[in-house]
Amino acid sequence: MKAFMQSFCRNKGGIMGLIVLALVTLLAITASWMFPDSPWDIINGPFMPPLSDGALLGTDTLGRDIATGIAYGSRVTLVLAAVSTAVSILLGITVGALAGFYGGRVDQAIVGFIELFQTIPSFFLAVVLVAILTPTMGTVIFAIAVVSWPPLARLVRAEFMSLKNREFVQAAMLSGQSNLRIILTQILPNSLSPVIVSGSLMIASSILLESALSFLGLGDPNAMTWGYIIGASRSVLRDAWWMSVFPGVAILVTVLSLNLIGEALNDALNPKLARRRTT
C-alpha cells in the first residue's frame, strides 16, 4: 500500500485530477449551503451576462441562475455516474468471472451474449432504452449500466483465464475449497488492478453519456444536470454563450480529472509500465 501511494503521488497529473475531483465533490456536497435557492427558481431577468447583479455566471432564458444550476447539477451528475458505474462493475465482474473461470460452453454462451451487446453502438442503445422507458434517474442509470458492462466483462474474463491455472489456485482446488470461495478469495483479489483503473475511466464515460442524454432531452425532467443546461441553451448559443460554456467547462474539467486519475492509477498498479514511461 505504501509503494502504491508513493507511486501515485509521483504522478503530478493524478494529484491534480484528484484535487479537481475533490473540489467538484465538495461543490456537490455543499451546493444547498452555497446556493440556498432552488436551481429552478427565477432570480433575475433572462439573458443576464456573467458578473451581473445577483448572477455570478449569468442567467438562462428564464432568468435562472447558471451557477446554482451547475452546483446542483454536479450533485446529480456525480451520483448518476457513480451509481451506474457501480452497477456496471458488479455486472461486468460477475459475468466475466463466470466466463473466465468455467470456460467451455459457459464461456462460449457468455461471450456470445457480450458480443450481442457490443454489436450495437453504445450511445444509440442507451438512447433507445431511455426513449422506450420513462426518462427518470433510474432508467438513465439502467441505460448507462447496460451499455457500459460488456468491455469490463471481457477484461475480467481475460484476467480470470490467465489466473485460474496458477499454482495458488490449483492448490486451493486441491484443498477442497468451493468454486465460489476460490473466485472470491483467490482469483478476484488478484485481478482487481485493471478493474479499478477501468472503473475510474467508466465514471468519466458515464458523465459524458448522461450529459449527452440530457442534452437530447432524454434525462430526468425533474433533475438539473449539466447536460440539461447545455441542451436548454443550444438555440441561443450566439446570444448567450455563457449558458453553454460554463456547464461545458464543468464537464470537461471533471472528465479530464477522472482520466488523469485513471492514468495515475494505471501507473501505480503497474510499476513496470511506469518505469517504461520514465525511461
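Trainee: In this predicted model, at what angle do the axes of helix α4 and helix α12 cross?

Mentor: The axes of α4 (residues 66-102) and α12 (residues 242-269) cross at roughly 35° and come within 11 Å. The crossing is right-handed.

Trainee: Which residues meet where α4 contacts α12?

Mentor: From α4, the residues are I66, I70 and L78. They meet W242, M243, F246, P247, A250 and T254 of α12. By class, this contact has 8 nonpolar residues, 1 polar residue and no charged ones.

Trainee: How should I read the charged pairs, and how many salt bridges does the structure hold?

Mentor: Side chains of opposite charge can pair when their charged atoms come close. The structure holds 3 salt bridges. One of them joins R64 to D60, with the closest N and O atoms 2.7 Å apart; both residues are buried.

Trainee: What does the salt bridge between R157 and D107 tie together?

Mentor: In this pair the closest N and O atoms are 2.5 Å apart. R157 lies in helix α7 (residues 137-163) and D107 in helix α5 (residues 104-118), so the bridge ties together parts 50 residues apart in sequence.

Trainee: Are R157 and D107 buried or exposed?

Mentor: R157 is buried, at a relative accessible area of 18%, and D107 is buried at 11%.

Trainee: Where do R154 and E115 lie?

Mentor: R154 is in α7 and E115 in α5, 39 residues apart. Their salt bridge has its closest N and O atoms 3.3 Å apart. R154 counts as partly exposed at 30% relative accessibility, and E115 counts as partly exposed at 39%.

Key: Residues numbered from 1 in each chain as written. Predicted model: local features only at pLDDT ≥ 70, side-chain atom pairs only at ≥ 80, totals over all residues. Heavy atoms only, no water. Axes fitted to C-alpha atoms, helices over the stretch in contact; angles between N-to-C directions. Helix = DSSP H or I, 4+ residues; strand = E, 2+ residues; numbered from the N terminus. Left-handed = near helix turned anticlockwise from the far one by under 90°. Contact = heavy atoms within 4.5 Å. Nonpolar A, V, L, I, M, F, W, Y, C, P; charged D, E, K, R; others polar. Salt bridge = Lys/Arg side-chain N within 4 Å of Asp/Glu carboxyl O. Buried < 20%, exposed > 50% of the residue type's maximum accessible area, 1.4 Å probe, protein only.
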